[in-house]
Amino acid sequence: MDEPPVLLRQDEVEGLLHYKDLIPRLEVALGKFSKMDSAEVIQPVRTTVPLQKYNGFLGLMPAYLVHEDILCTKLVCFYKRESGSTLPSTQATVLLFDPEYGNVKAVMDGEVITAKRTAAVSAISAKLLMPAKSEVLTILGAGHQALSHYNVFTETFSFKEVRVWSRRKEMAERFAQSTQGHVTVWESVEEAVNGADVIVTVTGASEPVLFGQWVKPGAHVAAVGACRPDWRELDDVLMRQAEVYVDSREGAIAESGDIILSGAKVFAELGEVLNGTRPALREKTTVFKSLGMGIQDAVSAKLVFEQWKSKH
Ligand SMILES: NC(=O)C1=CN([C@@H]2O[C@H](COP(=O)(O)OP(=O)(O)OC[C@H]3O[C@@H](n4cnc5c(N)ncnc54)[C@H](O)[C@@H]3O)[C@@H](O)[C@H]2O)C=CC1
Ligand SMILES: O=C(O)C1=NCCCC1
């Protein structure tokens, strides 16, 4: 209790957080969250503080997992950046507490946690919802989330082809050069998603970039960007023709422009599918609308801290 907090930098968190350990813990946490038992999981919807002057927000994301005794909060600033900006669009710090005394046990970089846990949850959605024979993966966007999604999707599944599109072609080319495996670069979204089985949208867009008429029936879309009530990545056609899954219903109806503005109905939370209380409609076109949750950061932070302790 009297010990000062451990400070873990980005490179340290990177070395301590691995998908093979993270994914099973996220599955357990998502399942518990969807049981709606507030004696088990306490996670208010993210509080956001607008930073209008800088075109951004500060998000506060506390969570307490009672049984595991994990108390954590992430503080994350996110921005809508102009095309060509070299400034980061997300900066995050995670605080892990001792829940009994209230002291902070660890202060850790939150960018790697955000990148990896978001991609890992999208991979869980794909595992549950993508067509049984999925050969083509398309990633729309070429930033941090694009890379973490590429890494976990290629580590977890065996796609025959991976494609990338970015609004600036040179960024897509740079992305394709940075990946371990072969990635093809596409000039238009329409061409990039043609015939794709799985589509990941990881852009900073606030208007739709992916249109339902281009999406193969039965495809799975993991929609990760557009996390404000008036921001979109997907058009109305796609939102209405797909079965829509979310991480949190409460979060989705408060924060997702794709859901609020299209009037689409939420079919299930991922946790409900994991619990077996709602079906995985794999044969239908599915959208997983991801917004990110404090419990995802909490289980990641606990894992990082455990790994760090086992080495010190
Ligand atoms: N669902 C979740 O849990 C999380 C969602 N996010 C969101 O994921 C998205 C991607 O985040 P990062 O990869 O960290 O950002 P980044 O800044 O590293 O990459 C953003 C990508 O989107 C592209 N982009 C930006 N504006 C665009 C527009 N108007 N149209 C098309 N493309 C555009 C950029 O060129 C870049 O390729 C953001 O919207 C972010 O807010 C981020 C963290 C967690
Ligand atoms: O869950 C998160 O972390 C974030 N979600 C949406 C935008 C930035 C961070």
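Two strands count as paired if DSSP finds at least two bridges between them. With that in hand, let's walk through this predicted model, starting with its sheet.

**The sheet and its helix**

Eight strands make up an open sheet with parallel pairing, in the order S10-S9-S8-S11-S12-S15-S13-S14. Strand S10 (184-185) and strand S14 (266-269) stand at the edges with a single partner strand each, so one side of each has no neighbour in the sheet. Strand S9 (residues 161-165) pairs with S10 in the parallel sense over two bridges. If you want to find this spot by eye, look for arginine 163, whose bridge partner in S10 is threonine 184. Helix H3 also packs on the sheet, where it touches strand S11 (198-201), strand S12 (220-223), strand S13 (243-246) and strand S15 (286-289). The direction of H3 makes about 165° with that of S12.

The domain assignment divides the chain into domain 1 (6-113 + 295-310) and domain 2 (114-293). Their C-alpha centres lie 21 Å apart, and the contact takes 29 residues from domain 1 and 27 residues from domain 2. On the side of domain 1 that touches domain 2, helix H2 (19-34), strand S6 (90-97), H3 and helix H11 (294-310) each supply at least two residues. H2 has the largest share of that side, with nine residues. By class, this side of domain 1 divides into 13 nonpolar, nine polar and seven charged residues.

**The two ligands**

Around ligand 2 you will find Gly59, Val76, Phe78, Thr90, Thr114, Cys227, Leu291 and Gly292. Its shell draws at least three residues from each of domain 1 and domain 2. Here are the shells by residue class:

**Confidence**

The chain averages a pLDDT of 97, and 100% of the residues score at least 70. For the complex, the predictor gives an ipTM of 0.99 and a pTM of 0.98.

Key: Residues are numbered from 1 along each chain as its sequence is written. Chains are lettered from A and ligands numbered from 1 in the order in which they are written. This is a predicted model: local features need pLDDT of at least 70, side-chain atom pairs count only at pLDDT 80 or more; totals for chains, interfaces and linings use all residues. A residue is near a molecule or strand if its C-beta atom, placed from the backbone, lies within 6 Å of it. Domain bounds come from an automatic or database domain assignment. Helices (H or I, at least four residues) and strands (E, at least two) are DSSP runs, numbered from the N terminus. Two residues are in contact if their C-beta atoms, placed from the backbone, lie within 7 Å. Axes are lines fitted to C-alpha atoms, for helices over the stretch in contact, and angles run from 0 to 180 degrees between N-to-C directions. pLDDT is the predictor's confidence in each residue, from 0 to 100. Ala, Val, Leu, Ile, Met, Phe, Trp, Tyr, Cys and Pro count as nonpolar, Asp, Glu, Lys and Arg as charged, and the others, Gly among them, as polar.
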